Amino acid sequence: MRHLYNFSIQFYLLAVHIAAIFKPKARRWLRGRKQLYKTLSLLKSNQQPLAWFHCASLGEFEQGRPVIEAFKKHQPEYKILLTFFSPSGFEVRQNYEHADFVCYLPADTPSKAKRFVTAANPSMVIFVKYEYWHNFMHEIIQRRTPLFVLSANFRPEQYFFQWYGKRFLKNLEQVTHYFVQNQQSANLLKKNGINQVTVAGDTRFDRVMKIVNEVVLIPVIEAFVAGHHEVIIAGSSWPVDEDLLARLFHKNPAKFKLIIAPHEIHEAHLQSVEKLFPGIAIRYSQAEPADLVQKQVLIIDSIGMLSKLYRYGRYAYIGGGFGVGIHNVPEAAAYGIPVIFGPNYKRFQEAIDLIEIGGAFSINNFEQLQMVFNDFEKNSSTWQKSASACRDYVQQKAGATQKVMEFIANFKSGSLKK
């Protein structure tokens, strides 16, 4: 099975090289990894203990960020290495002030994993959420380096728990400790013989609460929403989401203002969004206060703003629910506004919870989207109940970072078995 895994990694690398001929993102993926050798030389010369945090992309970084910053504050003797797999994470956070080294994770081949882990020589490794890289984990475990998995979420259908994934389950068994989001994940691990588990919750809630409490005013957004009550913030939208929102706008002319942050902000996609709102849309990068008076749609063509935009909304529409899965629900719910998304939300416990308590609404088509807004319009109590449910839920879920840091402090002091 390991040979098949390694073959799949080599095939993936070949596919990326081919895709790079046509796709800018693939080219950035390859180009960024050319800088690895420079980072490796810096890592080799590092004389301080190193804590290595790995995040797949920007979303996982925001999940791991509270722990990174708490670790940096309470363990100042450590250098911090932060790695990303995706350009969307690395390009935004390559100058992150709380990390001493930031780079891409190399492809997970046996030779690259061995070279990277040897150069980094970490004293501690923390992987965020779903990250599983067989050869990297094998190297870390072989060196007896403490390996933690943060904000993990496990499901029975994952390949670790199938007959063909038993070889990979062996690696999971040797992870030092898991901090999982919910009791279901803990039960599943324990059922498979993995008992080194703490139900800590999801560190994203700590991150979003911090953002909510750090009020950052954005002049262009302030000017755009001035005097308007019915503002929808659409976060990480995909084309199907944008089509639904365009229908909502055209069916309810002049009723709403929309701030839309597309998942992809390359030029072709931005132009396609503009075509959905002819004459009433403007890009954030091109907006002047005088231009905003006559516009109903503001397109965010910049990365890293979304978590601060929900402050300006009365409603949040979370993209991805008609495809790969919804984006970050807690960062919208934290502001105490109703949350709407498509049908693909079952992998996200917070979405399930919020639907149950009336804070979130899942839709399958435009008619259902229109019904949700009609209900808000007719019954102000519906909006108030939903808003309160969202705010209270996020506040109650905060605190995972403290649990993680207390465990790590006890582990380092030797009061826990290593």
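**View 1. The open sheet of 7 strands has the order 10-11-9-8-12-13-14, with parallel pairing.** The model is predicted: local features need pLDDT of at least 70, side-chain atom pairs count only at pLDDT 80 or more, and totals for chains, interfaces and linings use all residues. Residues are numbered from 1 along each chain as its sequence is written, and side-chain values use heavy atoms, with hydrogens and water left out. Strand 10 (281-283) and strand 14 (360-362) are the edge strands, each pairing on one side only. Neighbouring strands are turned by 20° against each other on average, direction ignored. Strands (E, at least two residues) and helices (H or I, at least four) are DSSP runs numbered from the N terminus, and two strands pair if DSSP finds at least two bridges between them. Axes are lines fitted to C-alpha atoms, for helices over the stretch in contact, with angles from 0 to 180 degrees between N-to-C directions.

**View 2. Strand 12 (residues 315-318) pairs with strand 13 (residues 339-341) in the parallel sense.** The pairing runs over 3 bridges. Ile-318 has Phe-341 of strand 13 as its bridge partner.

**View 3. A further open sheet of 7 strands has the order 3-2-1-4-5-6-7, with parallel pairing.** Its edge strands, each pairing on one side only, are strand 3 (101-104) and strand 7 (197-199). The twist averages 20° from one strand to the next. Strand 1 (residues 50-55) and strand 2 pair in the parallel sense over 6 bridges. Trp-52 stands opposite Leu-81 in strand 2.

**View 4. Arg-65 and Glu-69 meet in a salt bridge through their side chains.** The N to O distance is 2.7 Å; a salt bridge is a side-chain nitrogen of Lys or Arg within 4 Å of a carboxyl oxygen of Asp or Glu. Because they are 4 residues apart in helix 4 (residues 58-74), Arg-65 and Glu-69 are separated by about one helical turn. Both residues are buried (under 20% relative accessible area; exposed is over 50%, partly exposed in between; 1.4 Å probe, protein chains only). A network of salt bridges links Glu-62, Arg-65, Glu-69, Arg-93, Arg-207 and Lys-210. The structure holds 18 salt bridges.

**View 5. Lys-412 forms a salt bridge with Glu-77.** The closest N and O atoms are 3.8 Å apart. The pair links distant parts of the chain, 335 residues apart: Lys-412 lies in helix 20 (residues 400-413) and Glu-77 in the loop between helix 4 and strand 2 (79-84). Lys-412 counts as partly exposed because its relative accessibility is 28%; Glu-77 counts as partly exposed at 37%.

**View 6. Glu-230 forms a salt bridge with Arg-314.** Their closest N and O atoms are 3.3 Å apart. Glu-230 is in the loop between helix 11 (219-225) and strand 8 (231-237), and Arg-314 is in the loop between helix 15 (306-309) and strand 12, 84 residues apart. Both are buried.

**View 7. The second largest pocket holds about 340 Å³ of space.** Of its 15 lining residues, the closest to the centre are Arg-33, Leu-36, Tyr-37, Pro-106 and Lys-112. Helix 2 gives the largest share of the lining, 4 residues. The lining divides into 9 nonpolar, 1 polar and 5 charged residues (Ala, Val, Leu, Ile, Met, Phe, Trp, Tyr, Cys and Pro count as nonpolar, Asp, Glu, Lys and Arg as charged, the others, Gly among them, as polar). On a 1 Å grid over the protein atoms alone, a pocket is an open set of points where a 1.4 Å probe fits, with protein on both sides within 12 Å along at least five of seven lines; lining residues have an atom within 4 Å of a point. Grid points are joined across faces, edges and corners, and a volume is the space filled by probe spheres set on the points.
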